[in-house]
Amino acid sequence: MSKIVFGVDVGGTTVKLGVFTIEGVLTDKWEIPTRREEGGKYILPDVADSIKAKCEEAGYAKEDIAGVGVGVPGPVMENGVIQFADNLGWGETDISGVLGGLLDVPVKAVNDANVAALGEMCQGGAQGFSDVVAVTLGTGVGGGVIIGGKLLAGSIGSAGEIGHLNVEPTEEESCNCGLKGCMEQYASATGVVRLAKRRLAKDDTPSILRDTELSAKSVWDAVKAGDAVAIEVAEKFGYYLARGLSFVAAVVNPEVFVIGGGVSKAGEILIDYLKPYFDRFSYPGTRNVQFRLAKLGNDAGIYGAAGLVIGSNQ
Ligand code: ZN
C-alpha cells in the first residue's frame, strides 16, 4: 500500500486526529479529549495510544506511516521543541522527541495557527498561492505567515503572532498577553462582544442586541438585519482588523489574506467591512492583496499538520 500520514491538532479541550494518504486525501478523522491535568503530561502519550489503536484497527504497519505532523498552541522552534503552551499546562516540551520516541516514526511539530495556514494553502481558501497570511479570528487572533510556500517560524517560533499588534494606543483594558490595545481585543470573537458591550453602554440607541445574548454571531446577524448599533460595531471591527493587517501587508506583501476562525463564519460581509479600511491604511504597493475566507474550518489544523510531513516527502 502507499504510505499514510497522521495529522494531529492539539487544542485546549480536544485533540483532533486525521489519517491522510501521502497525496493529502483525508480518509479518516476523530477526536480525543485533551487531558490537561498534571501539567498536561498525558497529552502526548494519549495521542500515541490513539494512533497505535487506529493502526491496529485499520491494519496499518509502522512501515506504512510516512510520519506524524502536529500542531500545538504555542511557539514551536524548528527542531520541534515548544517553549511553553499555557493552554495545555506545558513548559518546554520536545514534541518531536517525545512523540517520535513513543511511536518510532518521524514527527514534525509547528504552532497551531501556522499549521492552519499551511492547511489552507495546501487544500483550502489559499490554494494555488505561495505567499499567504492566514488570520484566525477565534477566541483570540492567531496568524500564520507563509513566504514562497514555506512557513515562517521566527527565532523562537513566535512569527505570525499578529493578534498582539498594537492597533489602539489609548486602550486602558489589558489583553490576555498583558499588553493594551492588541488587535485581538477588537477582532476576536471576545473582542467583537467587547466592542458591542461598549457601544451599547454608551447611550440608549435602540438595538436588537439589547434583547439578545451577545456573541460574535449575534452581532453579525444583527449587522445583516440592518441594526444601526451592530453596524457601528462592525465598522470598528473592520477598522481595527484593517489597521493590523495593513502593518502585516507592509512587512510581508502577501498575495492573499485567508481569514478563518469562528468569527469568519459571518461570511463575505466581514470582508465588506474590512476592505475599505484596509485600502485606506495600507501602502499602495501592498494593496494587490486578495481577501479570501478559509474553507477547511476545524479541519485546517489536521490538513496542515499532515502537510508538514507530505511537504517534506515531496
Ligand atoms: Zn495581546
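1. Confidence. The mean pLDDT of the chain is 94, and 99% of the residues reach at least 70. Among the elements of the chain, α8 has the highest confidence, at 98, whereas strand β10 (residues 150-151) has the lowest, at a mean of 90. Where pLDDT is low, the coordinates of a prediction should not be read in detail.

2. Helix α6. This helix runs over residues 189-202 and contains 14 residues. The distance from its first C-alpha to its last is 20 Å, close to the 20 Å expected at 1.5 Å a residue. Its buried residues are Gly191, Val192, Val193, Arg194, Leu195, Ala196, Arg199 and Leu200. These buried residues pack against three other helices, namely α5 (184-187), α7 (216-224) and α8 (228-252).

3. Glu171 and Arg198 form a salt bridge in which the closest N and O atoms lie 2.6 Å apart. The pair links distant parts of the chain, with Glu171 in the loop between β10 and α5 and Arg198 in helix α6, 27 residues apart. The two partners fall into separate accessibility classes: Glu171 counts as buried because its relative accessibility is 6%, while Arg198 is partly exposed because its relative accessible area is 40%. Through salt bridges with shared partners, Glu171, Glu173, Arg194 and Arg198 are joined into one network.

4. Gln185 belongs to helix α5. With a relative accessible area of 6%, Gln185 is classed as buried, since the cut-off for that class is under 20%. Apart from neighbours within four places in sequence, Gln185 is in contact with Glu171, Glu173, Ser174, Cys175, Leu179, Lys180, Gly191 and Arg194.

5. Thr170. This residue is located in the loop between β10 and α5. Thr170 counts as exposed because its relative accessibility is 60%, whereas Glu171 is buried at 6%. In sequence, Thr170 and Val229 are separated by 59 residues; in space, their C-alpha atoms are 22 Å apart.

6. Other salt bridges. The count of salt bridges comes to 14. One of them joins Asp104 to Lys62, with the closest N and O atoms 2.6 Å apart. Lys62 is partly exposed, its relative accessible area being 40%. A further salt bridge is formed by Glu38 and Lys41, for which the closest N and O atoms are 3.2 Å apart.

7. Backbone angles. Glu38, placed in helix α1 (residues 37-40), has a phi near 55 degrees, which is a positive value in a residue other than glycine. Asp104, found in the loop between α3 and β7, likewise has a positive phi, of about 60 degrees, although it is not a glycine.

8. Lys54. This residue lies in helix α2. Although a lysine, Lys54 is buried, with a relative accessible area of 9%. Leaving aside neighbours within four places in sequence, Lys54 is in contact with Phe6, Val19, Asp28, Trp30 and Tyr60. Along the chain Lys54 and Ala117 are 63 residues apart, and their C-alpha atoms are separated by 26 Å.

9. The second largest pocket. Its volume is about 670 Å³. The lining comprises 33 residues, and those nearest the centre are Val110, Leu118, Leu151, Gly307 and Leu308. At least two lining residues come from each of β7, α4 (112-123), β10 and α10 (300-312). The largest share, seven residues, is supplied by α10. A reader examining this lining may note that β10, one of its contributors, is also the element with the lowest confidence in the chain, at a mean of 90.

Definitions and conventions: Residues numbered from 1 in each chain as written. Predicted model: local features only at pLDDT ≥ 70, side-chain atom pairs only at ≥ 80, totals over all residues. Heavy atoms only, no water. Helix = DSSP H or I, 4+ residues; strand = E, 2+ residues; numbered from the N terminus. Expected span 1.5 Å × (residues − 1). Buried < 20%, exposed > 50% of the residue type's maximum accessible area, 1.4 Å probe, protein only. Contact = heavy atoms within 4.5 Å. pLDDT = per-residue confidence, 0-100. Salt bridge = Lys/Arg side-chain N within 4 Å of Asp/Glu carboxyl O. 1 Å grid on protein atoms, 1.4 Å probe; cavity = no way out; pocket = protein on both sides within 12 Å on 5 of 7 lines; lining within 4 Å. Points joined across faces, edges and corners; volume = space filled by probe spheres on them.
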